[in-house]
Amino acid sequence: MIVDCHVNIWEDRHVLPLWREQMQRVRPGGVPPKADAKTLAKAMKGVDKAIVFALRYGDSAGIESDDETTAAAVKAYPRKFVGFAYVDPRRKDYMELLRHAVEDLGLRGVKYGPIYNGVPLGDKRMAPIYDYCVKHDLPLTMHMGTTFAVNAPVELGRAIHVDPIAERWPDLKMILAHMGHPWYEECIVVIRKRPNVYAEVSALFYRPWQYWNILVTAQEYLVTDKIFFGTDFPFTNVEDSIKGLKSVNRQIKGTSLPRISKATIDRILHSNPFAHWWHGTPPA
């Protein structure tokens, strides 16, 4: 089984001018491919399941999608997609929107990007989110690591800030996206320390030297069983992400540097996050 645990969804109408400006600066060719439900379904043919979520990054990165778009995609492709809500704690109605996404739209987890919304993990506005996730057995995926967005406070992307949250909410299941790059060592020590904190490798393979360092460190700290596969589509795709993981040792060929073992590669590629997250029935 292969699960892509990091897939972004938006419609063309969700793309703001700020996004186009920044993509011209950070990505050759400008805006990435489309990320609507039909495009995602085609792109995810190489995986068994895909976890899909909207982005509310309007003022920092220029994408302002919504949970209805996610729910509609799940309804259209129920055997492929599992939907997560997005929460922006700056909004006065953020808990109302979260309850609607879970209790009315049927979404199965939550996504949050502290670096994009500018609200630290320890902010008092986050506590109701954590409480709600624990009460309803919802995994919380968080963007961890740096970003291209000009209006995003970089410090909020560091995984070390997850540790006190996990101490206060030990039953909260958290997934740290992108291995917290470039602060991946912080991510690794936190997931080793905290039983219900995990990580994933989306959007890392195209920095092969950093990727190798991340995975060899994870091996040395014995946490590869807590790392999941993901792409970050449409910024990357399934085929290249799988190829990048399988070929991670290429740049150290002919050296005495330690290898990423086949067992580690297979464990990550065929990881099943659903088995770790839900006490009840996981998605079919």
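Q: Which residues of α6 are buried?
A: In this predicted model, the buried residues of α6 are A127, I129, Y130, Y132 and C133.

Q: And what covers the buried residues of α6?
A: The cover includes helix α4, strand β4, β5 (140-142) and α7 (162-168).

Q: Let us stay with α4 and α6. At what angle do they pack, and how far apart are their axes?
A: Helix α4, residues 94-104, packs against helix α6, residues 127-135, at an angle of about 20 degrees, and the axes are 10 Å apart. The two helices are therefore roughly parallel, as angles under 35 degrees count as such.

Q: Is that crossing left-handed or right-handed?
A: The crossing of α4 and α6 is right-handed.

Q: Which residues make the contact?
A: From α4 they are Y94, M95, L98, R99, V102 and E103, and from α6 they are P128, I129 and Y132. By class, seven of the contact residues are nonpolar, none is polar and two are charged. I129 and Y132 were also named above among the buried residues of α6.

Q: What happens just after α6?
A: D137 follows there, with a positive phi of about 60 degrees.

Q: Is H178 buried or exposed?
A: H178 has a relative accessible area of 3%, so it is buried.

Q: What about L222: where is it, and is it buried or exposed?
A: L222 sits in the loop between α9 (208-220) and β8. Its relative accessibility is 70%, so L222 counts as exposed. L222 also has a positive phi, near 60 degrees, although it is not a glycine.

Q: Where does T236 sit, and is it buried or exposed?
A: T236 is in the loop between β8 (227-228) and α10 (238-246). With a relative accessible area of 5%, T236 is buried.

Q: What does T236 touch?
A: Setting aside residues up to four places away in sequence, T236 touches A203, F205, Y206, T231 and S241. With S241 there is a polar contact between the two side chains, at 3.4 Å. For T231, the backbone oxygen lies 2.2 Å from a polar atom of the T236 side chain.

Q: Now for α10 itself. How do the axes of α10 and α11 cross?
A: The axes of α10 and helix α11, residues 262-269, come within 10 Å and cross at roughly 155 degrees. That makes α10 roughly antiparallel to α11, since angles over 145 degrees are classed that way. This crossing is right-handed.

Q: Which residues meet there?
A: I242, L245 and K246 of α10 meet I265, I268 and L269 of α11. Sorted by class, the contact has five nonpolar residues, no polar ones and one charged residue.

Q: One more topic: where is L176, and is it buried or exposed?
A: L176 is in strand β6. Its relative accessible area is 0%, so L176 is buried.

Q: What is L176 in contact with?
A: Leaving out neighbours within four places in sequence, L176 is in contact with M142, M144, A159, V162, C187, I191, V197, Y198, A199 and E200.

Q: Lastly, where is G106, and how accessible is it?
A: G106 lies in the loop between α4 and β4 (109-112). At 43% relative accessibility, G106 counts as partly exposed.

Notes
Residues numbered from 1 in each chain as written. Predicted model: local features only at pLDDT ≥ 70, side-chain atom pairs only at ≥ 80, totals over all residues. Heavy atoms only, no water. Axes fitted to C-alpha atoms, helices over the stretch in contact; angles between N-to-C directions. Helix = DSSP H or I, 4+ residues; strand = E, 2+ residues; numbered from the N terminus. Parallel < 35°, antiparallel > 145°, perpendicular 65-115°, else oblique. Left-handed = near helix turned anticlockwise from the far one by under 90°. Contact = heavy atoms within 4.5 Å. Nonpolar A, V, L, I, M, F, W, Y, C, P; charged D, E, K, R; others polar. Buried < 20%, exposed > 50% of the residue type's maximum accessible area, 1.4 Å probe, protein only. Polar contact = N/O pair within 3.5 Å; in protein donor to acceptor, adjacent residues only side chain to side chain.
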